[in-house]
Amino acid sequence: MNEDFFAEGLLPTTAVSDGLSGRGSMDASIKPLKSSDHVMGKALTVKLKKGQNAAFLKALEIAGPEHVLVVDTEEDTTYALAGDFVVGMAQTLGVRGIVTNGVIRDRLEIEELGLPVFCQGSTPNAGAKQEAGHVNVPISCGGVAVQPDDIVVADADGVVVIPQEEAETTIARAKEKLEKDEAREQKIAGNIEEIKTYLASF
Ligand SMILES: O=C([O-])CC(=O)C(=O)O
């Protein structure tokens, strides 16, 4: 796969969703900690045992600057998969961001760190570290199947997953859609006649 798209800047999730005809968007309960959070990268998948976060630490051992950690907690929202200490380590290792169907703790401190984190919320409870989970296995997160190395795009509108084998075509489609939207906006901007023509076309 051509990976130049990482260098070309971030795509909005809306354009990516349009490029996938609405497939691949996670449930709306998975939200950014800060609405300015925006990230795009390759999925490093993690499957935790309920209430446990040891596999997240295992994933950090192989995490690199191309990665977004995508963490399936089996929908557990009672125990944090990470706090500011663990998220700080991920950030120092160059990870692009974290997406999870679970929750974090130390919310304010993580917001200050600035690493984009998309989750269901926060809890005071730390995860336990007795039981290992799995790293780089197929997972389900927010109702979407995620394979290792799928492309993850996340921003204020939510999280979209592009299957790796569809990455090039989807990104090309998303870019085309962005250009079309911009042209449409320019045509309509401040022009009541154009707005009327557009509305009459439905
Ligand atoms: O160590 C943990 O599991 C969570 C935590 O408190 C941190 O990352 O700061």
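## Starting at Glu-109

Glu-109 sits in helix 4, which covers residues 107-113 (helices are DSSP runs of H or I with at least four residues, strands are runs of E with at least two, and both are numbered from the N terminus). This is a predicted model, where local features need pLDDT of at least 70 and side-chain atom pairs count only at pLDDT 80 or more, while totals for chains, interfaces and linings use all residues. Residues are numbered from 1 along each chain as its sequence is written.

Glu-109 and Gly-83 are 26 residues apart in sequence, with 8.5 Å between their C-alpha atoms.

With 19 other C-beta atoms within 10 Å, Asp-84 is partly exposed, whereas Phe-85, with 10, is exposed.

Leaving aside residues up to four places away in sequence, what does Asp-84 touch? Its partners are Asp-106, Glu-109, Ile-110 and Leu-113 (a contact means C-beta atoms, placed from the backbone, within 7 Å).

## The annotated site and the ligand

An unreviewed UniProt entry puts its "binding site" annotation on Gly-83, Asp-84, Phe-85, Val-86 and Arg-105 (positions follow the numbering used here, feature names are shortened, and annotations may be inferred rather than shown by experiment). These residues span 23 residues in sequence, but no two of their C-alpha atoms are more than 10.2 Å apart, so they gather at one spot.

Around the ligand you'll find Asn-53, Ala-80, Ala-82, Gly-83, Asp-84, Phe-85, Val-86, Asp-106, Ala-126 and Gly-127 (each has its C-beta atom, placed from the backbone, within 6 Å of the ligand). That shell splits into 5 nonpolar, 3 polar and 2 charged residues (Ala, Val, Leu, Ile, Met, Phe, Trp, Tyr, Cys and Pro count as nonpolar, Asp, Glu, Lys and Arg as charged, and the others, Gly among them, as polar).

## The whole chain

Zooming out, the chain has 6 helices and 10 strands. Of its 202 residues, 42% count as buried. Its C-alpha atoms fill a box of roughly 65 × 35 × 30 Å along the principal axes.

Among contacts between residues at least 6 apart in sequence, 74% join residues at least 24 apart.

Note on methods
Buried ≥ 20, exposed ≤ 12 C-beta atoms within 10 Å, placed from the backbone. Contact = placed C-beta atoms within 7 Å.
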